[in-house]
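Morning, everyone. I'll take one structure today, starting with one chain and ending at the interface. Please have a look at it first.

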Amino acid sequence: MNEIVKLSDVTKVYRQGKVQVPALSGINLSIQKGEFIALAGPSGSGKTTMLNIIGGLDQPTEGSVCIEGNSLGTMSKRALSRLRLHRIGFIFQSYNLIPVFTALENAEFVLLLQKQHAEKRRQKVTALLEEVGLGGLESRLPAEMSGGQQQRVAIARSIASEPALVLADEPTANVDSRTAADLLDLMEKLNRTKSITFLFSTHDPAVMERAHRLVHLKDGHIDRETVR
Amino acid sequence: MWLIKLAWRNLWRNKRRTLITISSLCFGLILALVFIGLSDGTYGTMIDNAARLGAGHITIEHPGYRKSLATRYTLNDTAPLVRHLNTMESVEGWAPRISGQAMLSTSYGSVGAAFTAVDPRQEQKSSLFIKKVVKGSYLTDSDGRGALIGIKIARRLKVSVGSKMVVTANNLQGEFSGELLRVVGIFETGSAMIDGYVFQIPLDRARKLLGMGDDEVSHLAVFLDNQRKTDRAEQKLRNAFAGIKNTAVLSWREVMPDLAAYIEIDGAANYIFQVIIFIIIGAGILNTILMSVMERRYEFGVHLCLGMSPASLLVLVIIEAVLLGLMGTAAGTLLGLAGNYYFTVKGLDMTLFTRENIDVSGVVLDPILYSDLYAEHLIVIVVSVFLLTVLVGIYPALKAARSVPIEVLRKQ
Ligand SMILES: Nc1ncnc2c1ncn2[C@@H]1O[C@H](COP(=O)(O)OP(=O)(O)OP(=O)(O)O)[C@@H](O)[C@H]1O
Ligand SMILES: [Mg+2]
């Protein structure tokens, strides 16, 4: 079972009062384990909508979504929450660290939610922070770190529980191009060494270039795909 | 455990707001505790004074007496009653009494008055009249002709210590009867009703006046070492005397219904005041927690996104409320107790606010109020303030649990 994500004929229509806004139409996509894949497309093309649907945060109007062979459509809210907790990592554009938690505590947040043993947790996360280049900054609060450093903590948080898939909505949009390149290096390295599947969205051409597979969205459908 | 850590740190994100909330909680609690302490203390003093100027905390009398106040309803054999009273630890003392109506006359005129005939030795320990003697001394022997009279009676009859008076009354046979008395002391309680209407004479003098037998008394006044033990002592005595004919046990509540009613009504007013304070405190806390939750909806969305359960979010906010409540009630209880201690020792001087005597159904209040916070009131107030905080946290907690994760990715 190497297919991590499968979208079949996914359509999403938002209702705004009486107006219907189509966000996705007839999307078919299959993502294999270990892929490093980017969603590209202009603003409003449906990138965020697609990530939300894959992450079980939103339901498609039509079509089905399977994560590791399990159809999300049949899952309860609770099951979806558990799926996110154990199988999916999230990285956000604006980091979204908990402001009152240190780098270490933020990085271990998902492990806390999973009720992992404190000592094991600490060991794992300390090593992980070292790996993302934050050795020595364990006790910094988010406000005491740069954007790039905060995003590294967020990356550490997203992979700490070794999920099957990491979803990242424009993870480099808030940092300069130099930092963006560094973050991509990091994600690529983690993808390679831990074989974690990454799916991220972007409209930065420099970032698109780094993807191993690039899916272009346009007006809610897949316009074309490039594989490198 | 980490939820507590997160909740604790969340509270201190907005230090000022948290401190203001804790202070308001604390202030409300101090106010409530001091207020209740002063009321408890004041009611206690009132009851005790009234009992010691009247027929005791508990009165044992003939069951027919209270309705008719007729002198003929007497206790004939107090020996077994007294024997039992002597075994009870909460009983500080007891005094046999005869009470009735009489006329006091001198050459200047006469006044109608109520007498209490006493055995002076038995009064020593417990009666408040002894402390209220302003001229002469208290009665000494139980068969002399001495009389202790109120200062207003003394003025009206123009008598002083050493003066002679005649007391006349109807005896048990309905005949007119009189005795010569000599004023040995004059008392002043401050209550117009007592000072102008009450006098005391020795027990045996009253028996002669009324034609009563040697052992007959109107009632036994029972004094307790603490007025709060009244109900329990009353119950015990009722049980103990159930088999003795023509013996009724009454508490001060039944003997002085006006005072009991006053305390009940005043207490109800206090209760309403407390509830209002609590509602104000509760509204303040609700506002704080709700605001802090609304501000963090996005953050809660992130938590949900990462796989935190809505139930954990609910618990997080409840813990925040609990921590606020714990800090506020801890500080409020300590300061409230300190305030009570101050007013227990120094008292609150009401002459700062009013110049008049405070007089409740014949009982004059000491113008300095002393606090005496009852333990059960302390516990009830502290626990209910704490529960109020937690209760008030439930609605914001539910709101937090209903945060939507999808908004997170949208808002960027
Ligand atoms: N909650 C919503 N209600 C109504 N319409 C929505 C809602 N969310 C998104 N849309 C619409 O759906 C379409 C796709 O939006 P989406 O946010 O997925 O685009 P995007 O590719 O992420 O854009 P961007 O690059 O600006 O983030 C847009 O037309 C948008 O206006
Ligand atoms: Mg978007």
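Chain A has eight helices and 10 strands. Keep in mind that this is a predicted model. How compact is chain A? Its radius of gyration is 17 Å, close to the 17 Å that the globule rule gives for 228 residues, so chain A is as compact as a globular protein of that length. Along the principal axes, its C-alpha atoms fill a box of roughly 50 × 40 × 40 Å. Of the 228 residues, 55% count as buried. Now the contacts inside chain A with a separation of 6 or more: 70% of them join residues 24 or more positions apart.

On to the interface. Chain A brings 27 residues to the contact, and chain B brings 22. Together the two chains bury about 2,300 Å², with 64% of that on carbon and sulfur atoms. Which residues of chain A lose the most area to chain B? They are A:Leu57, A:Phe92 and A:Val100, together 22% of what that side buries.

Which elements of chain A give two or more residues to the side that touches chain B? Helix H1 (47-54), helix H2 (77-87) and helix H4 (109-113). H4(A) gives the largest share, four residues. By class, that side of chain A has 13 nonpolar, eight polar and six charged residues.

Note on methods: Residues numbered from 1 in each chain as written. Chains lettered and ligands numbered in written order. Predicted model: local features only at pLDDT ≥ 70, side-chain atom pairs only at ≥ 80, totals over all residues. Heavy atoms only, no water. Contact = heavy atoms within 4.5 Å. Buried area = accessible area lost by both parts, 1.4 Å probe. Nonpolar A, V, L, I, M, F, W, Y, C, P; charged D, E, K, R; others polar. Rg over C-alpha atoms; globule rule 2.2 N^0.38 Å. Buried < 20%, exposed > 50% of the residue type's maximum accessible area, 1.4 Å probe, protein only.
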